[in-house]
Amino acid sequence: MLILQIVLALAFTVWAGLALWVRKPGGLVVGRALLVLWLAAACLFLVGFFLPQWPAARPLSASLYLGAVVLVLAWWAAVRPSNDRDWIPDVACQTQGTVDGDLVTLENVRNFHWRSADDFDVRWETRAYDLRRLQSTDLILSYWMHPGIAHALVSFGFGEDRYVVFSVEIRRKKGDAFSTLGGFFRQYELSVVAADERDILLVRTNMRGEDSYIYRVPMAPEAMRSLFLAYVRRANRLVDKPRFYNTITANCTTIIFKMMNRIVPGLPLDYRLVACGYLPEYLYDLGALRGADSVAEYRSRGRYTDRALAEGDAAGFSAAIRRGVPGIEPRQAAAEPARPASA
């Protein structure tokens, strides 16, 4: 029992210490001072276990530690998500949609024109999509570091080179840098962004230097429609009720999985839903990819980074990145006229 108490105390001490380190309540100076006080209380408590010759040491140190635990938990419970912060421009607006039969109208569809990662024209648009024209669903994975770490996006095609991409993003405040550790400790809110491909896909390959892949995922029309509407509902809920991003439980891949699992119940849980860079292997094992004989071939032919760099911000961007992708017929990837504001 004593060993269990020590283990639990150590685990909570580490968790709370990291939370204070990441969140810095009261600012950097105050936050670091609170961290020092927390660690001092925890050390006194743990030392009390090993000083039985001092009868007063254990109850006193335990009282100090429990008091500190209550304060930490009270502070943590008060950390609430909000939609009212000084956001960076590319997540400043929230996508939301209205559904009228087969017609979906999306407000705040992002269509920035990027000249560099820091130089862009801000454009938020209202676009309409007819679900009767929904033809395709593509999974996009964009890598920037470890092979197991990627950002997952879903692009819905409405024919004639008309696509809209949904991306579950961290909603960063101005001055925030991305931190995987911060994603465990309520540092960022969650956002669903709907965007033009020549914005949200092009910026990752051509401006940020990410390596990106596209996979055609065959789905029945009703399943595609259901997934599209699930994104709309998720976006609307976040407008009404903000939520924190979490690196494990509420990220770009787990949100997709939760929505897909409502459409196809019983999808197996898998570590690749967290290490989403390995999603192609997961989809291949489920038999959800067509048009190639191995994961390696899917990856090789689905990699569109070089095609995106060569095409640039041109009307044929969406056709170019799909050229040669397994499961997409050549006529489907042929260049089409630039898309209008509605689909």
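**Close-up views of a predicted model**

**View 1. Helices H8 (residues 279-286) and H9 (residues 295-302) have axes that come within 10 Å and cross at roughly 130°.** Axes are lines fitted to C-alpha atoms over the stretch in contact, with angles from 0 to 180 degrees between N-to-C directions; helices (H or I, at least four residues) and strands (E, at least two) are DSSP runs numbered from the N terminus. H8 and H9 are therefore oblique to each other (under 35 degrees is roughly parallel, over 145 roughly antiparallel, 65 to 115 roughly perpendicular, the rest oblique). Pro280, Glu281 and Tyr284 of H8 meet Val295, Tyr298 and Arg299 of H9, contact being heavy atoms within 4.5 Å. The residues of this contact are four nonpolar, no polar and two charged (Ala, Val, Leu, Ile, Met, Phe, Trp, Tyr, Cys and Pro count as nonpolar, Asp, Glu, Lys and Arg as charged, the others, Gly among them, as polar).

**View 2. The largest pocket is lined by 33 residues.** Nearest its centre lie Trp144, His151, Ile170, Phe178 and Arg204. A pocket is an open set of points on a 1 Å grid over the protein atoms alone, where a 1.4 Å probe fits, with protein on both sides within 12 Å along at least five of seven lines; lining residues have an atom within 4 Å of a point. Strand E8 (163-171) gives the largest share of the lining, three residues.

**Model and numbering.** The model is predicted; local features need pLDDT of at least 70 and side-chain atom pairs 80 or more, while totals for chains, interfaces and linings use all residues. Residues are numbered from 1 along each chain as its sequence is written, and side-chain values use heavy atoms, without hydrogens and water.
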